[in-house]
Amino acid sequence: MPEGALGQDLERIGTLPEIMLSNLVKRYDRTTVIKELNLTMDDNEFTVLVGPSGCGKSTILRMIAGLETVTSGEIFIGGKPVSDLEPKDRDIAMVFQDYALYPHMDVARNMSFSLRLAHYPKTDIQERVNRVAEMLGIVPLLARKPAQLSGGQRQRVAMGRALVRDAGTFLFDEPLSNLDAKLRGQMRAELALMRQRLEKNMIYVTHDQVEAMTLGDRIVVIHNGIIQQQGSAEQLYKKPVNKFVAGFLGSPSMNFFSGLLHDEEGQFLVAGDDYSLPLPHEWRTRLKDYKSNEVIVGIRPSAFSHAVVNDGEIHLDLPVVLSEYVGSQSVIVSRLGGEQILIEVGSDTPLGTKKSLTFAIDPRNIYLFDPHTETAL
Ligand SMILES: Nc1ncnc2c1ncn2[C@@H]1O[C@H](COP(=O)(O)OP(=O)(O)OP(=O)(O)O)[C@@H](O)[C@H]1O
Ligand SMILES: [Mg+2]
């Protein structure tokens, strides 16, 4: 990294937030896995790194923990550069993606392992283990060996092993990955509660966007080793900066299809072979610097409603290719703009055997992207 930047960073020490990644680069041979990453995490903040498999999430955590070297750039913790510090001197506790418990030790001894190694007083160890076990709901399991636990219980013990420690920063690498959907939901809620009780910096890695959105104060979306966008769940969901973020957050994913902008006879609209959607007038000003008229249109499955069309809403007749009842909702497979799209409606919507249905869309729920750069327009 350029020396000037590091110099400036060093000058700001003291006012620096808890953790800062500055121009962080990680290269293995010729592949660059992390590309000039800059990220600042405030004190006592729950940061979630989210992105698809292989995007570099574990690599970032392992560099922060000191288990992986940094190719260039610097990591600051509490204002101090830590690249030259041993993992044990970084004041960090990490829960690994592939955690392993000591099979011959019971839960209590697994949890207290690092404390015993550091010669903590016995009463202190006991007090910490009990406190954390209570928080994780594993008090009745303290005397059991790992082989006598379910996968979910083991995962909680692995978390407990990190949480008994005094660290200022906790790193979690997909701690819920081995759990079934129901337990995952439960643990997610427990984590959210625990997060309120513990005043610590937490960096949490997941590829599950629901987990990211429910847990994170700040969500950082990573793709191919590059931060795409960071912000609150609401900011990212409502104002995605590009097609990747728009498609990554939200389930089912946003629908995308291509279109052409038209500005004729006082009407501003986006249209394709089989559709034409009027756009809000003010978008003319917003899009005045956009040189092309080709766009990618994005509409979330939940933005369609099968109801009376309100003032200012667009209505569309769309084919029903297939409908799936999923409890509180029905998901309809349809076609728009030459693409297959998904539409989410309340499960009480009378679908019958109709071949097509009329849907309403609020034009403010339409997203437009540049087809070449994929940035939001
Ligand atoms: N030791 C290594 N040598 C070469 N490439 C590596 C090495 N370790 C990781 N990589 C590559 O770096 C990239 C990022 O890996 P990383 O483990 O950080 O991904 P991830 O986002 O944690 O993915 P997942 O969600 O699957 O855990 C991957 O493409 C991986 O193949
Ligand atoms: Mg990983």
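**View 1. Helix α2 and the shell around ligand 1.** Helix α2 (residues 57-65) gives the most residues to the shell around ligand 1, namely 3. A quick note on words: helices (H or I, at least four residues) and strands (E, at least two) are DSSP runs, numbered from the N terminus. This is a predicted model, where local features need pLDDT of at least 70 and side-chain atom pairs count only at pLDDT 80 or more, while totals for chains, interfaces and linings use all residues. Residues are numbered from 1 along each chain as its sequence is written, and chains are lettered from A and ligands numbered from 1 in the order in which they are written.

**View 2. Who sits around ligand 1?** Look for Tyr28, Val33, Gly51, Ser53, Gly54, Cys55, Gly56, Lys57, Ser58, Thr59, Gln97 and His207. They count as near the ligand if the C-beta atom, placed from the backbone, lies within 6 Å of it. The shell splits into 3 nonpolar, 8 polar and 1 charged. Here Ala, Val, Leu, Ile, Met, Phe, Trp, Tyr, Cys and Pro count as nonpolar, Asp, Glu, Lys and Arg as charged, and the others, Gly among them, as polar.

**View 3. Helix α5 (residues 151-163), wrapped up by the rest.** Of the 13 residues of α5, 11 are buried, so the helix is largely enclosed by the rest of the structure. Buried means that 20 or more other C-beta atoms, placed from the backbone, lie within 10 Å of the residue's own. Among the buried ones are Gln153, Val157, Met159 and Leu163. Their cover includes β6 (92-95), α3 (107-117), α4 (122-136) and β7 (169-173).

**View 4. An open sheet of 6 strands.** Follow the order β6-β7-β8-β3-β9-β10, with mixed pairing. Strands β6 and β10 (226-231) stand at the edges with a single partner strand each, so one side of each has no neighbour in the sheet. From one strand to the next, the twist averages 15 degrees (axes are lines fitted to C-alpha atoms, and angles run from 0 to 180 degrees between N-to-C directions).

**View 5. The β9 and β10 pair.** Strands of a sheet pair through backbone hydrogen bonds, either parallel or antiparallel. Strand β9 (residues 218-223) and β10 go antiparallel, over 5 bridges; two strands pair if DSSP finds at least two bridges between them. Check out Ile219, whose bridge partner in β10 is Gly231.

Conventions:
A residue is buried if 20 or more other C-beta atoms lie within 10 Å of its own, exposed if 12 or fewer, and partly exposed in between; C-beta atoms are placed from the backbone. Two residues are in contact if their C-beta atoms, placed from the backbone, lie within 7 Å.
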